[in-house]
Amino acid sequence: MLKSEITQIMVMERTDYLIAGASHAALAAMHAIRLVDADGSLTVVGRDRKLPYSPTALPYVVSGRSDSNLVFLRDDAYFALARTSYRCGHALVRVEPANRIAELDDGSRLQFGKLLLATGARPVIPSIPGFEAVPYHVLRTLDDALRLRAELPRTRHAIVLGAGLIGMHAAENLSKSGARVTIIELQGQVLPGYFDAEAAAIIAGAFERDGHVTIHTDTRVIAAEAGPQGVVLRLQGGPPVTGDLLLVGAGVAPVVDFLSGSGIRCDRGILVDASMRTSVEGIWAAGDVAQAASFYDARPVLNGILPNAVEQGRIAGMDMAGDRTLQGYRGAVPLNTYSYFGRHAVSVGSATAPPGAEIIVRSDADAERYLKIILDEGRLHGIFAINTPLDAGVMWQLVRRRTDLTPLRDRFLAQPREAGRALMSRLWR
Amino acid sequence: MAAYNTIAFHADRCDGCGDCMTACARAKTASDSPRRARLQVLADGAGSFGLAMCRQCADPECVPNCPAAALRKNTETGIIEWDQAKCVNCLLCTVGCSYAGIVLDEVAGHVVKCDQCGGDPACVRTCGNGALEYLSTARIYNEVGALEDLFVPGLAGCQGCNTELLMRHTLRRVGPDTVLAAPPGCVPGMGAVGYNGMTGTKVPVFHPLLTNTAAMLAGVKRVYKRKGREVTALALAGDGGAADVGFQSLSGAAERGEEMLFLVIDNEGYMNTGMQRSSCTPYGAWTTTTPVGRESLGKSQDAKNLPLLMVGHRCAYVATASTAFMTDFYAKLDNALQASKRGFAYLHVYSPCTTGWRFPPRKNIEVARKAVESNFVVLWEYTPEAGLKLTHPVDDPAPVKEYLEALGKYRHLTSEQIAHIEHHIVANVAAVKQQASAQP
């Protein structure tokens, strides 16, 4: 062994807990670890050279509702108090499970006792001919948000590729800042996966009426090019769309490029069990990067939403620290809350009704009210609402506890919010 | 780490009137709409009412679900605070809450949650049924917990005895400028006075006779007063010493208004010396001097109501307390301490004795609670100015049989004896209430 190698090993930094990532899953894990283990050394490595923040807050930075200096979820004092080394501006590039070594992009190597991979996701850029030559925005980092915000005043016609939550939020912001907005979505409706077609149509209607947003669903982009007026997107079976700003909101994919050679099993995301353990001992994964069992059929699914990241992070942290009160992950339930143009929408649970399920829909398109309840054997399978207040957390509990709603069925169907509260207040006693 | 005050909900006392919601809506929204209240009382479909309200969780789920850092747990007050300036109205906090404690107010257009009105909750003030209660027990942990323990470590009580708790907490609160009298009984028996020339306390302590505790303490206090030193004269006495042979000096000191705090730990007998009966031993109880056999079935007389006798002395302060109701005890200890600066303060604490009453050590607090809930003992306080007031009225008492059956010393009771005890309880409550209704 060379002398330089010996020196490197001798000075190699060691940490009991290493958390790669610095958003919701990472912070929840850190908190859970510190609740049980006050002394173990803890290092959090964040890709961005900033204090931790949430990607979910970014649309509000774009709109100006959030001050970009006030969106940080933790400060230096917090890390000092928790005796945690927060290393920002560094990405994980390699994991060597055999030696328990993690390598960062500056070449530094850390030896860890336990490692949590909470590296999140990054935007997917669709493979469209000519796309590499056109300028476009994405919205995943604070810098992305500030860049997009700077563009708002001079944007006259924006194209938003993808009608997911990021795309819809951005479309609203762009429209409110005075731009003409066109949304292009490959699937047959906006917000696929969260709302059914009928609810999606109500939401799309608000965008069209209040925001004068043009929405093309079922539409494929076949080519992109830079023209004198800006970006031109050629669409299958329709006239091309030209805009001076293009935002890509076509979904995200887990950040897993550091995995090669690690032996950690990965499908679309890193595969984990109910304790968020990966296939390799001593290594956990949580949040948008992890692929855990679905609540409904136990198949491993990506569930890239904030509450899920918090829950998975907490479970991973508890398991890493040996918290004996840990209850395993009960499975991914898709859910979200979505506010747009002063309206509120909530979705909890699966919109795919199983065979034999009871589906109750109350819709008033003029009042933009919508409520859909799916009951499976008397238990809540999913509930979706627009302008109909629901306590999403209570509904989530009813789904995952498989609470039998039969005794309160009529009341629940009539007033799900009140009945849900009454049920939960009893279930807790 | 601080402890926090909380709003407790007693579902058994709630009739669903909704006044709390109206009061909350008025306090928080300038409307009368119960729908906009931060707490929601709901018929739970099972014949009673439930409450949806922020529980100010110790490890909240709403806070980590906020992407905009608009929620935080205030570690001083325990309140989960919502910052309107930072809130982006995404409602993800409501996903984290399983209690419907942070909810969308459609009229306001943003989420709302309870902030306990800064320490004087409007809902609690309004509830006429006592279903909502603002618990300030946290004060005990935060304030009293920070005070110095003035007893030495290693006091040797019986297993499960709560007297050590009572002694240590009392002396902590009364403080270092104290002269302590510990007459014969369990208190010195545990080592409070000390061994081999060393005291068991960090304050001056002496061991008077059973008969002269109040007289000696009165003298000591007067000497300090003459010397211009402000001290609290504190007695930690048993019921035997206070109610029987010590009663003459106790009565005399009370009548003269000697400035002292006389705390009686009532375990219903001379438990330290072998469980003999005292005049505070209840009717029917087994003791070694009221045995159970052919000739005798436990004590054949009723207990003397010593605290009511002290009211007859018109002391500056008289109260009864129980170790199952520590908030009530602490409030009374504070009041008694204040009163002892101007006159005679008497505090009578009912203290179950695991050894002498024959019950498992782990059940001490449960037994103490059952005594109160069955009206076997009544919690009240008295000052000459305000008269006597019940501090924990029990209008619908639990059957006393449940209390008696928990204790080995009543195992032999005949149905006639139980009937006698039930009758005595009714008479005793009536006597206390009569005193309570009397003009001060």
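Analyst: In chain A, 65% of the contacts with a separation of 6 or more are between residues 24 or more positions apart. Two residues are in contact if their C-beta atoms, placed from the backbone, lie within 7 Å. This is a predicted model, where local features need pLDDT of at least 70 and side-chain atom pairs count only at pLDDT 80 or more, while totals for chains, interfaces and linings use all residues. Residues are numbered from 1 along each chain as its sequence is written, and chains are lettered from A and ligands numbered from 1 in the order in which they are written.

User: How many helices and strands are there in chain A?

Analyst: Chain A has eleven helices and 24 strands. Both are DSSP runs numbered from the N terminus, with helices being H or I of at least four residues and strands being E of at least two.

User: And what's the radius of gyration of chain A?

Analyst: It is 23 Å for chain A, close to the 22 Å that the globule rule gives for 429 residues, so chain A is as compact as a globular protein of that length. The radius is taken over C-alpha atoms, and the rule is 2.2 Å times the number of residues to the power 0.38. Along the principal axes, the C-alpha atoms of chain A fill a box of roughly 75 × 65 × 40 Å.

User: What share of chain A counts as buried?

Analyst: 48% of its 429 residues. Buried means that 20 or more other C-beta atoms lie within 10 Å of the residue's own, exposed means 12 or fewer, and partly exposed is in between, with C-beta atoms placed from the backbone.

User: Which residues touch the most other members in the largest nonpolar core?

Analyst: Ile19(A), Ala29(A), Leu116(A), Ile203(A) and Ala286(A), out of 180 residues in that core. A nonpolar core is a set of buried Ala, Val, Leu, Ile, Met, Phe, Trp, Tyr and Cys residues joined through C-beta atoms within 7 Å. Leaving out residues up to four places away in sequence, Ala286(A) touches a list including Ala25(A), Ala29(A), Leu116(A) and Met276(A). There is also a second, separate core of 85 residues, with Leu150(B), Met275(B), Ala319(B) and Ala345(B) among them.

User: Switching to domains. How is chain A divided?

Analyst: Into domain 1 (3-122 + 254-321), domain 2 (131-250) and domain 3 (342-427). Those bounds come from an automatic or database domain assignment. The C-alpha centres of domain 2 and domain 3 of chain A lie 31 Å apart. Eight residues of domain 2 of chain A are in contact with eleven of domain 3 of chain A. On the domain 2 side, six of the touching residues are nonpolar, none polar and two charged. Here Ala, Val, Leu, Ile, Met, Phe, Trp, Tyr, Cys and Pro count as nonpolar, Asp, Glu, Lys and Arg as charged, and the others, Gly among them, as polar.

User: How many residues of chain B are in contact with chain A?

Analyst: 31 residues of chain B, meeting 36 residues of chain A. In chain B, β2 (39-43), β3 (49-53), α2 (92-96) and β6 (102-105) each supply at least two residues of that side. α2(B) gives the most, with four residues. By class, the chain B side has 20 nonpolar, eight polar and three charged residues.

User: Last one. Where does Gln56(B) lie, and is it buried or exposed?

Analyst: Gln56(B) lies in the loop between β3 and β4 (71-73) of chain B. It counts as buried, with 22 C-beta neighbours inside 10 Å. Its phi is positive, about 45 degrees, although Gln56(B) is not a glycine. Asn387(A) also has a positive phi, near 50 degrees, but Asn387(A) is partly exposed, with 18 other C-beta atoms within 10 Å.
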